[in-house]
Amino acid sequence: MLTGLLIVIPLVASLLVFLLKGKAARSLALGAALAELAFSIGVYFHFINHPGDTHALSLNCSWIKSMGIHFAVGLDGIGLLLVLLTTFLVPLIILSAFRYDYDKPNAFYGLILLMQMALIGVFTANDGFLFYVFWELALIPIYFICLLWGGENRAKITFKFFVYTLFGSLFMLIGLIYLYNHTGFGSGIKSWAINDLYTAGRSLTVDQQSAVFWMIFLAFAIKMPVFPLHTWQPDTYVVAPTQGTMLLSGIMLKMGTFGVIKWLLPVVPLALEKWGGTAILLSSIGIVYASCIAIVQKDYKRLIAYSSIAHVGLISAGILSANQQGVQGAVIQMLSHGVNVVGLFLIADILFRHTGTRNIDSLGGIRNMNGQFSVLFLIILLGSVALPLTNGFIGEFLLINGVYQYSAGIAAFGGLSVILGAVYMLRSYQKIMLGEKPNNAMEFGSLASSDKIVLITICVVIIAFGVYPKPLNDLAEPAVKALLSNLK
Amino acid sequence: MIKLIALVPLFPLIGFLINGFFGKKMSKGLSGGIACVSVLGSFIISVLAFVELHHSANKSHVINLFTWISADTLKINFDFLYDPLSSLFLLIITGIGFLIHVYSTGYMHDDAGFSRFFTYLNLFVFFMLLLVMGNNYLIMFVGWEGVGLCSYLLIGFWFKNQAYNDAARKAFVMNRIGDLGFLLGIILIFVTYGSISYGDVFAKAGVSSESVVTCIALLLFIGAMGKSAQIPLYTWLPDAMAGPTPVSALIHAATMVTAGIYMVVRSNVFYSISEVAAETVAIVGIATALFAATIGLLQNDIKKILAYSTVSQLGLMFLGLGVGAYSSSVFHVTTHAFFKALLFLGAGSVIHAMGGEQDVRKMGGLKGKIKITYITMLLGTIAISGIPPFSGFFSKDEILAHVYEHSKVLWVLGMIASMLTAFYMFRLLFLTFFGKFRGTHEQEHHLHESPKSMTVPLMVLAALSVIGGVLGLPEFWHQTNWIGEHLSPLILHKNPTTLSHETEWTLMGIAVLSACAVIYFAHSMFITNGVLPVNSEDKLKPWQKLVANKYYVDELYDNLIRKPLDLISVAFYKFLDLQVIDGIVNGVGSAVTGTGSLVRRLQTGNIGFYIVSMVLGVVLILLFTFII
């Protein structure tokens with residue numbers, strides 16, 4: 001029931017926002033997002049205080065009976081963490097738009113809330129068909145956000161993004177239908193329920209599992225994205241309005257990594273043994289490859305886009321190594337990456353708003369003009385390069401640990417991101433913030449209060465969960481353990 | 001007091017927070033005062049706890065704070081370990097840290113970033129304390145990277161100067177190379193022993209195979225090479241002199257750079273098991289000691305000379321570790337902290353007097369003008385050169401005696417490194433304080449002794465440099481080697497020398513005589529003959545040019561790593577990513593639209609065409625069924 005409400009609140013809010021106009025739409029959107037955040041925190045406390053209370057947490061009603069489709073949603077530790085990530089980030093994303101006067105604000109904010117609904121649906125669905133519906137539903141609002149409020153060349157780039165991800169999703173649908181057709185062994189009753197799909201998947205031969213693995217993984221890999229399926233990402237991140245980029249990188253890409261954890265690992269254990277190594281290798285190549293490319297980027301937004309590919313590569317490799325440290329590290333890193341990357345994209349946005357450029361070669365000397373901004377920037381940067389006592393370190397340490405248990409060589413190779421990340425992050429920070437300003441005309445005034453709130457909130461989270469990640473691990477650890485016990 | 005040991009890192013943390021949030025609004029006196037007091041508080045507790053530990057039978061105290069990371073079998077607690085090794089480092093860090101904080105209130109007095117400086121400095125002390133106080137490898141790693149961050153912030157303290165920023169970034173990145181090795185080492189420890197707590201790991205270390213232990217030890221040592229500036233990861237340290245001089249004294253001489261030695265001593269169990277690893281440590285150590293010492297011969301920047309000297313001395317300490325002389329190396333860490341901090345602060349005082357000048361060619365004759373600085377630096381120079389009864393003599397001698405026992409060749413090389421040290425240090429001293437003043441008139445006019453806040457720390461450190469040797473008097477003098485005894489509970493293979501007294505006396509004699517000979521040589525060269533370093537590189541002989549240019553190692557790294565990395569990155573981006581991979585994606589896209597527009601032409605809307613096609617289709621199907 002509670003989970004159902006988590007989905008309904010943003011949906012209702014979104015419809016109301018569509019009906020409003022101007023600033024009222026914006027305020028309602030923020031209010032609704034904050035209410036959803038408060039509610040999700042309430043759900044969190046219910047979850048930890050009544051761990052066995054599935055009745056309150058889950059919802060399961062028949063939807064299309066003839067095909068065994070249920071509207072089944074529920075929460076485990078991993079899903080809850082991602083729901084919390086979503087409900088935490090959406091208010092910040094909405095707040096970050098306050099400095100803009102977007103056309104048709106009701107549509108803009110309405111779409112963000114609609115997106116939130118779909119994302120929470122993805123993270124809570126316990127029915128394969130429902131999962132697919134939410135998965136595709138999430139694509140629609142972000143498509144319009146990018147298409148209507150994006151930058152130069154948006155029509156072409158957004159179309160490519162849309163078709164590319166849709167292309168992958170269709171393979172996933174085929175894979176899911178294939179699994180569905182193998183359910184009901186013995187009873188003859190077919191079902192989309194997640195546990196039935198698990199059973200169906202595990203009853204398949206290695207070759208059948210392999211086919212399913214690649215079909216479903218393709219969809220997830222495009223969404224993350226994993227090398228070499230990533231080329232839609234930098235263009236889309238750059239052209240999308242900042243809030244769109246934040247939604248895409250902060251939350252939406254976690255649909256892919258989350259999908260692998262919940263909808264792939266437990267379904268095809270044999271295929272994982274056979275093909276997991278290949279997928280890990282691709283992910284690790286992506287880490288180093290994208291890090292290298294990030295080094296030579298001039299547009300700061302594009303630089304972060306590539307750094308995000310590198311980070312996600314490590315997450316993907318950690319998940320596919322299928323051990324406690326790897327998967328748990330992935331869950332933790334999904335949260336940290338979500339928070340940090342939103343911070344970094346806001347910084348790119350602030351730079352552009354204050355100076356009219358994101359080209360790191362045309363910037364400089366900002367450290368001297370706004371000390372507060374430079375400190376906040378530095379903290380987020382340190383989170384991103386995974387300095388210990390920032391949130392980024394916990395996930396990264398567990399991830400490298402997990403990958404190491406799969407293969408020491410790959411861990412050492414992927415671990416190069418520890419060095420390369422420092423190279424591109426510090427180099428860009430130096431060019432943007434330090435030194436003298438490039439021309440005397442350049443000014444960099446104080447931050448808008450909405451920007452300040454968002455950046456400070458993010459910095460607090462970065463340090464708080466870097467020092468004391470226990471609440472996150474307490475949720476992730478048993479959930480991952482339960483999931484992995486399925487694999488054996 | 002041991003129960004309160006968690007306060008030791010807490011005080012500087014509080015100082016950091018106060019200065020970080022409110023420093024700008026506070027007066028300089030208050031800001032500096034808070035920073036100093038916080039470290040002083042830590043020092044007092046460290047001393048009291050040290051006394052308590054000394055009298056207590058239990059030499060190892062674990063203080064549990066909270067569970068940090070938990071992932072199934074991987075449990076990492078935020079715990080502190082207070083034992084003989086950490087207790088000693090605590091004294092060095094907080095004691096010398098306090099003196100340097102006090103010194104900085106004078107040195108940085110006119111700097112606009114005064115409170116920012118103390119913010120970073122307090123944060124550094126906090127992380128450095130975490131590094132030595134952690135009860136497991138990951139807490140050490142937290143401190144390890146944390147001090148790296150502070151080092152980065154303080155090297156690039158004057159952030160308007162991009163050359164300084166480059167140096168800061170270089171330090172951070174180079175340290176990260178080492179850190180990756182360290183991190184992998186920690187993971188291998190976890191995979192092998194199922195824990196990363198010191199107690200658990202060392203108890204089981206003997207069970208695992210030697211090759212695994214070698215791997216662990218070498219991976220950890222990669223981390224040590226980065227932090228303690230050993231070949232091949234040493235080039236960041238001389239550049240790090242871009243930071244304010246107190247930073248060079250505290251971070252890049254007395255404390256942070258000795259973290260690698262701390263780590264190896266802490267992990268001595270591994271190095272005792274794996275001979276390969278120990279031998280590697282010794283070889284890297286002696287190579288670094290010699291290499292850096294030769295570069296030091298021809299440097300003209302007063303801080304760079306000291307920086308290469310630090311690299312060289314650290315090499316000597318690793319040589320000691322490699323031959324199993326763990327407590328001797330810790331002894332040298334201690335005395336080195338005294339005299340190198342002194343020398344750097346002295347150099348800072350000189351620079352202060354000279355209005356920012358760092359080139360020894362433009363100094364000279366300062367001994368009458370800044371007497372306290374001169375006398376204290378003289379004492380420091382004697383100490384580092386290994387003249388008895390100054391502190392450096394005892395610690396260096398102890399290391400070299402162990403080296404002699406291990407290998408005569410290494411001993412000879414170690415002796416050469418020591419002689420080079422004595423030479424470049426006296427060269428520095430003579431060029432700076434003797435002869436005629438070679439700076440500008442204006443500088444000469446402004447020459448002045450530094451304020452009390454700077455000279456008092458110099459005097460304290462000078463006293464310690466002189467008498468510090470009592471901490472480790474040679475055993476064959478029938479004295480207690482106090483440090484050796486103090487550390488003995490945690491050293492697996494205690495390794496007292498079995499050299500005869502005659503041999504030890506002889507070695508000592510050779511060391512002292514050679515040092516004196518070198519000093520005499522330097523004296524005749526720079527005082528009697530008044531030789532001055534040339535002002536232009538063209539006048540150097542080819543080998544001198546090679547050395548003066550630091551063997552072109554920076555250029556080598558640039559061409560071997562940085563430039564290829566940039567090239568590869570550009571190739572990845574411009575060619576592989578934009579052309580090949582995205583080209584294929586777009587190709588598939590246009591192939592689909594292309595086929596679509598071809599097929600679209602079939603949708604003519606002409607019913608006759610559809611009927612004909614249908615009939616043709618049916619005929620074809622029938623044909624196929626007949627054939628098959």
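Predicted model: local features only at pLDDT ≥ 70, side-chain atom pairs only at ≥ 80, totals over all residues.

**Chains, domains and contacts**

Q: What share of the residues in chain B is buried?
A: Of the 628 residues in chain B, 55% are buried. As for contacts in chain B with a separation of 6 or more, 80% are between residues 24 or more positions apart.

Q: Switching to chain A, which domains does the assignment give?
A: Domain 1 covers 1-267 and domain 2 covers 269-488. Their C-alpha centres are 22 Å apart. Where they touch, domain 1 of chain A contributes 44 residues and domain 2 of chain A contributes 52.

Q: What classes of residue are on the domain 1 side?
A: That side of domain 1 of chain A has 29 nonpolar, 11 polar and 4 charged residues. Among the helices that each supply at least two of its residues are H4 (77-96) and H11 (242-264) of chain A.

Q: Now the two chains: how many residues does each bring to the contact?
A: Chain A brings 41 residues and chain B brings 39.

Q: Which helix gives the most on the chain A side?
A: H19(A) does, with 7 residues. Helices H12 (269-295) and H14 (324-355) of chain A are among those supplying at least two each.

Q: And the classes there?
A: The side of chain A that touches chain B has 23 nonpolar, 11 polar and 7 charged residues.

Conventions
Residues numbered from 1 in each chain as written. Chains lettered and ligands numbered in written order. Domains from an automatic or database assignment. Contact = placed C-beta atoms within 7 Å. Helix = DSSP H or I, 4+ residues; strand = E, 2+ residues; numbered from the N terminus. Nonpolar A, V, L, I, M, F, W, Y, C, P; charged D, E, K, R; others polar. Buried ≥ 20, exposed ≤ 12 C-beta atoms within 10 Å, placed from the backbone.
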